[in-house]
2 protein chains.
Amino acid sequence: MRIVRNRNEEMNTKKKVKALQTYNETGLRKTKQRALIMEIIRRERHLDADEVCRRARAEQPRLSLSTVYRTLQTLKEKGLVEEVHFDEAHHHYETKPASEHHHLVCLGCGQVIEFCYSLVHFIKEDVAEARDFEITGSEVRMTGYCPTCRRSK
Amino acid sequence: MRIVRNRNEEMNTKKKVKALQTYNETGLRKTKQRALIMEIIRRERHLDADEVCRRARAEQPRLSLSTVYRTLQTLKEKGLVEEVHFDEAHHHYETKPASEHHHLVCLGCGQVIEFCYSLVHFIKEDVAEARDFEITGSEVRMTGYCPTCRRSK
DNA sequence: ATTTCTATTGCGAACTATTCGCATTTAGTA
DNA sequence: TACTAAATGCGAATAGTTCGCAATAGAAAT
Ligand SMILES: [Mn+2]
Ligand SMILES: [Mn+2]
Ligand SMILES: [Zn+2]
Ligand SMILES: [Zn+2]
């Protein structure tokens with residue numbers, strides 16, 4: 001019988017250096033599927049799983065929807081992808097942006113506008129302090145009607 | 001053949017007065033099911049459709065889940081109920097509160113804490129102005145870990 | 001109170017979103 | 001190159017939501 005070592009276990013310094021050259025920073029294997037999914041959501045924001053899959057299949061027709069779900073989940077855990085929640089009963093995804101931003105959604109045409117507000121960060125700090133919470137995420141979403149949709153009502 | 005008049009059409013003043021005594025303010029019929037659903041979500045906040053249904057069936061065993069969904073949808077449109085979006089891929093509901101509030105969710109134990117921030121209203125005004133949007137709703141959600149859950153990690 | 005009309009309900013089926021199990025493939029390592 | 005575990009594809013399972021339609025029941029008219 002053979003001793004199987006978990007790849008995530010501690011390694012000595014020498015091996016650690018070697019590992020960093022071979023694995024990417026996340027410790028995940030580099031696969032065509034993952035790369036493509038990542039590329040797609042880097043290119044286009046706020047897609048849902050099905051939209052990601054459809055776009056990916058243009059290039060990799062055999063890619064399975066399960067893989068898309070699994071990959072988005074994994075990348076989310078690694079902090080490379082964020083899940084956004086609109087009104088619908090399903091999720092949308094985007095690559096983790098450099099600066100925290102929030103969403104304004106038009107209920108007429110569906111367009112999503114991103115906006116930043118340092119006040120949000122302030123609120124976060126304040127709530128964390130007041131409630132003694134360790135806050136790991138925050139999401140601000142506003143819904144309404146854009147100028148165009150407002151006119152056509 | 002008989003002329004059928006839509007009940008929502010204009011009525012003369014006299015009839016209008018009568019109607020206000022008979023219909024409730026929303027123009028919806030008063031049914032046992034609706035009353036019960038309303039009572040349940042008035043009593044307990046942030047339930048999802050299935051939880052509402054289970055609680056309702058203690059009193060009305062034949063109540064159907066479809067009715068719960070339909071009713072919540074209707075009451076939402078009338079502005080009596082609000083839909084809240086947590087991390088999960090399904091909705092939760094609460095009676096429309098007097099003052100706008102937001103949510104802090106513990107990822108460990110699931111507890112939901114409500115908090116108010118007038119700053120949010122300010123942001124809303126500001127975004128509306130900056131983007132020329134008519135804003136109809138806003139939701140702020142923060143996630144993290146409560147003191148208790150933090151300790152047990 | 002009785003009649004009339006249609007909003008609302010219950011039920012099952014349909015549909016959509018997401019997860020799971022497992023055999024097969026493949027990336028990374030030795 | 002050979003080995004091993006990670007990742008994939010596929011189909012089935014589960015969960016959440018909507019739909020169609022016949023039956024029921026609230027409100028208005030009589
Ligand atoms: Mn975004
Ligand atoms: Mn609430
Ligand atoms: Zn619009
Ligand atoms: Zn907790």
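**Exercise 1. Work out how chain A and chain B of this predicted model are related.**

Step 1: A turn of 180° and a shift of 0.0 Å along the axis does it, with an RMSD of 0.1 Å (superposed by least squares on the C-alpha atoms of residues with pLDDT of at least 70 in both copies).

Step 2: name the relation. The two copies are thus related as by a two-fold rotation axis.

Step 3: look along that axis. In chain A, the C-alpha nearest to it belongs to A:V140, at 2.2 Å.

A note on the ground rules: in this predicted model, local features need pLDDT of at least 70 and side-chain atom pairs pLDDT 80 or more, while totals for chains, interfaces and linings use all residues. Residues are numbered from 1 along each chain as its sequence is written, chains are lettered from A and ligands numbered from 1 in the order written, and side-chain values use heavy atoms, without hydrogens and water.

**Exercise 2. Describe how α5(A) meets α5(B).**

Step 1: take the axes (lines fitted to C-alpha atoms over the stretch in contact, with angles from 0 to 180 degrees between N-to-C directions). The helices, residues 118-131 in each chain, have axes that come within 11 Å and cross at roughly 170°; helices are DSSP runs of H or I, at least four residues, numbered from the N terminus.

Step 2: find the contacts (heavy atoms within 4.5 Å). A:L119, A:V120, A:F122 and A:I123 meet B:L119, B:V120, B:F122 and B:I123.

**Exercise 3. Find what holds the zinc ion (ligand 3).**

Step 1: list the donors (N, O and S atoms within 2.8 Å of the metal, or 3.2 Å for Na, K and Ca). The SG atoms of A:C106, A:C109, A:C146 and A:C149 coordinate the zinc ion at 2.2 to 2.4 Å.

Step 2: read the spacing. In sequence, these donor residues follow C-x2-C-x36-C-x2-C.

How values were computed: Helices (H or I, at least four residues) and strands (E, at least two) are DSSP runs, numbered from the N terminus.
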